[in-house]
Amino acid sequence: MANSAPTLPFDRRTATYEQIRSDFWPILERYHDVEGAILPILHEAQGRYGWVSENTVRVISDFLRTTPPSVYAVVTYYHELSTEPPADVNVVVCAGPACRVDGGPGLLAEIEEETGISVGDTRRDMRYSIKTSACLGICMHAPVAAFNHRVRGRLRAGDARQLLSAAVHHSDGGQA
Ligand code: FES
């Protein structure tokens, strides 16, 4: 009997071409004969994996019957599409006007201190990344931050530490 290679668990940061192909191809099938499908497809990939890896680019280019560089050119053109693997917990701190005057800078400082990184950075162990946003849409609840897309408002001293640790726990598959 032939030995078969062990199946690796799917990891969005290290998924192989074959893994991405089998996971993403059913989604790609929905775009058969859709004109201008490349951008919605790339957004689907970004939403699903948190980034657009080289292997994802290859799978998409196979589906669209084009070359990886032509897909990659679109990825790098749109800043909301990332070619960097995501951290476990992606923190977005609102830097909009309402948050700036109502505790936003203090909240950002607390998050930077807790994570040990500065805004714009990803921690070496891929645990956290921090970005800012022009507005997270709930200005009346300033100061506001999002932890892996969960938007939280009226954050006060000490809240960030708790939310960061809950988000890590959640990303590990535990009960938050
Ligand atoms: S200014 Fe912060 S949520 Fe709008």
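Good morning. The protein chain is divided into domain 1 (17-77) and domain 2 (89-171); these bounds come from an automatic or database domain assignment. The centres of the two domains, taken over C-alpha atoms, are separated by 30 Å.

Before I continue, two remarks on the basis of this talk. This is a predicted model, in which local features need pLDDT of at least 70 and side-chain atom pairs count only at pLDDT 80 or more, while totals for chains, interfaces and linings use all residues. Residues are numbered from 1 along each chain as its sequence is written.

I begin with the overall picture. The protein chain has seven helices and four strands. Here helices (H or I, at least four residues) and strands (E, at least two) are DSSP runs, numbered from the N terminus. In sequence order the pattern is α-α-α-α-β-α-α-β-β-β-α. The C-alpha trace spans about 60 × 45 × 25 Å along its principal axes. Of the 176 residues, 24% count as buried. A residue is buried if 20 or more other C-beta atoms lie within 10 Å of its own, exposed if 12 or fewer, and partly exposed in between, with C-beta atoms placed from the backbone.

Let us turn to the sheet. In what order do the strands of the open sheet stand? The order is β2-β1-β3-β4, with mixed pairing. β2 (128-133) and β4 are at the edges with a single partner strand each, so one side of each has no neighbour in the sheet. On average, neighbouring strands are turned by 20 degrees against each other, direction ignored.

Now the pairs, where two strands pair if DSSP finds at least two bridges between them. β1 and β2 run parallel and are joined by six bridges; Val-91 stands opposite Ile-130 in β2. β1 and β3 run antiparallel, with three bridges, and Val-93 stands opposite Ala-145 in β3. β3 and β4 also pair in the antiparallel sense, over three bridges. There, Phe-147 has Arg-150 in β4 as its bridge partner.

Next, the helices on this sheet. α6 packs on the sheet and touches β1, β2 and β3, its direction making about 160 degrees with that of β1. α7 lies across β1, β3 and β4 and runs at about 145 degrees to β1. For these angles, axes are lines fitted to C-alpha atoms, for helices over the stretch in contact, and angles run from 0 to 180 degrees between N-to-C directions.

Which residues of α7 are buried? They are Ala-160, Leu-163, Leu-164 and Ala-167. These residues cover an arc of only 100 degrees around the axis, which puts them on the same side of α7; the arc is that of the directions from the helix axis to the C-beta atoms. The buried residues of α7 pack against β1 (89-94), α6 (104-115), β3 (145-147) and β4 (150-152).

Phe-10 is found in the segment before α1 (17-28). Is Phe-10 buried or partly exposed? Phe-10 counts as partly exposed because it has 13 C-beta neighbours inside 10 Å. Leaving aside neighbours within four places in sequence, Phe-10 is in contact with Ala-15, Gln-19 and Asp-23, where contact requires that the C-beta atoms of two residues, placed from the backbone, lie within 7 Å. The C-alpha atoms of Phe-10 and Ala-98, 88 residues apart along the chain, are separated by 41 Å.

Thank you for your attention.
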